Amino acid sequence: MKPLRVLVLMHESLVPPPTLRGLTVKEIDEIRTEFDVMSVLEKAGHTVKALGLLDNLSDLRTGITDWKPDIAFNLLEEFQGIVTYDQHVVAFLELMKQPYTGCNPRGMMISRDKVLSKQILAYHRIPTPGFALFRRGQKYKLPRKLKLPLFVKSATEDASLGISQASVIRESDKLKERIEFIHEQTNSDALVEEYIEGRELYVGVLGNDRLRTFPIWEMDFGTLPDVMAGIATRKVKWDRNYQKKHGIRTGAAPTLPEGAPAYLDKLSKRIFRALHMSGYARMDFRMRPDGSVFVLEANANPNISHAEDFAESARAAGVEYPTLLEQIIRLGCNYQAAWRIDE
């Protein structure tokens, strides 16, 4: 690929310094993705500029009109402190006719709306846990069709916000308390779904029209299931000491049932298309001991730092990190939204 002008979009607090020297492990973890992407693209010969955004789109407009980037590399995870607002930033990029990496705004909106996405998946007969939505400020009762144990989470937030061991409900009298906790702590509706005991599997998907999946990755909860539920809480995902204590790690999924890899490959592509996604995504699954599979979430624009699951699984397929970023850029340059009118 010829050298490009790449405008990297990120939260203003995550603009990385030129070097990681002198930073603590915690400080490095916070900016790891932004640093990895920028440093690797610069090493590949691209002209790279960071643009930190908080709550004002005028800086983005100026960056596009004045600097004229070939591609905007989107690493935003929120805007104005609201997770679901990053899709509007991508919509703004489309209005500016600015090529960008990652998922289109429609795919981001649908996949982020956990209830809508589950309804769409159910329409396509894609297996997902039974669920019910409990809105803020409304009276509710547990539908008879839902069976314990249950799992309670925010209907809109991601990155495990609001998820802890208390999210797994094994006694019905604990449900009301947890629903109210989600309402108050995340300021969002609560999604209650049947809890699937079993293995947690991830499948990375890359592409627009022609899709490629990477090897199945697994969250190994180590000794955690011996003392509590094996779920991806914030501690499990981000606390290094907690991970070391329980032997928690991710890696290529071993000893899957016969036919499971091919089934998950096909299922991941169906989900990607059903939710109108583009660019790249990570599908999260649970597999019961009997081999039955349920999709938990479809994650648009997942973490792509050098050592995270998506990049690691790509590397296992022979796609090294610099090549992965180049492919993501190429997909962004080639993507044309269905509703865009060419000049």
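The paragraphs below take up the ring pairs and then the charges placed over rings.

This is a predicted model, in which local features need pLDDT of at least 70 and side-chain atom pairs count only at pLDDT 80 or more, while totals for chains, interfaces and linings use all residues. Residues are numbered from 1 along each chain as its sequence is written, and side-chain values use heavy atoms, with hydrogens and water left out.

The structure holds 3 aromatic pairs (rings of Phe, Tyr and Trp, the last by its six-membered ring, with centres within 6.5 Å; planes under 30 degrees apart count as stacked, over 60 as edge-to-face and the rest as tilted). The rings of phenylalanine 151 and tyrosine 195 are stacked, because their centres are 6.2 Å apart and their planes stand at 20°. This pair links distant parts of the chain, 44 residues apart, with phenylalanine 151 in strand E5 (residues 150–154) and tyrosine 195 in the loop between strand E7 (190–194) and strand E8 (199–207); strands (E, at least two residues) and helices (H or I, at least four) are DSSP runs numbered from the N terminus.

Tyrosine 280 and phenylalanine 310 have ring centres 5.6 Å apart and planes at 55°, so this pair is tilted. Because tyrosine 280 lies in strand E12 (residues 279–287) and phenylalanine 310 in helix H11 (residues 309–316), the pair ties together parts that are 30 residues apart in sequence. Together with Phe214, Tyr280 and Phe310 form one aromatic cluster.

Charges also sit over rings (NZ of Lys or CZ of Arg within 6 Å of the ring centre and within 35 degrees of the ring normal): the charged end of arginine 5 is placed over the ring of tryptophan 67, 4.4 Å from its centre, and arginine 282 lies over the face of tyrosine 202, at 4.9 Å from the ring centre.
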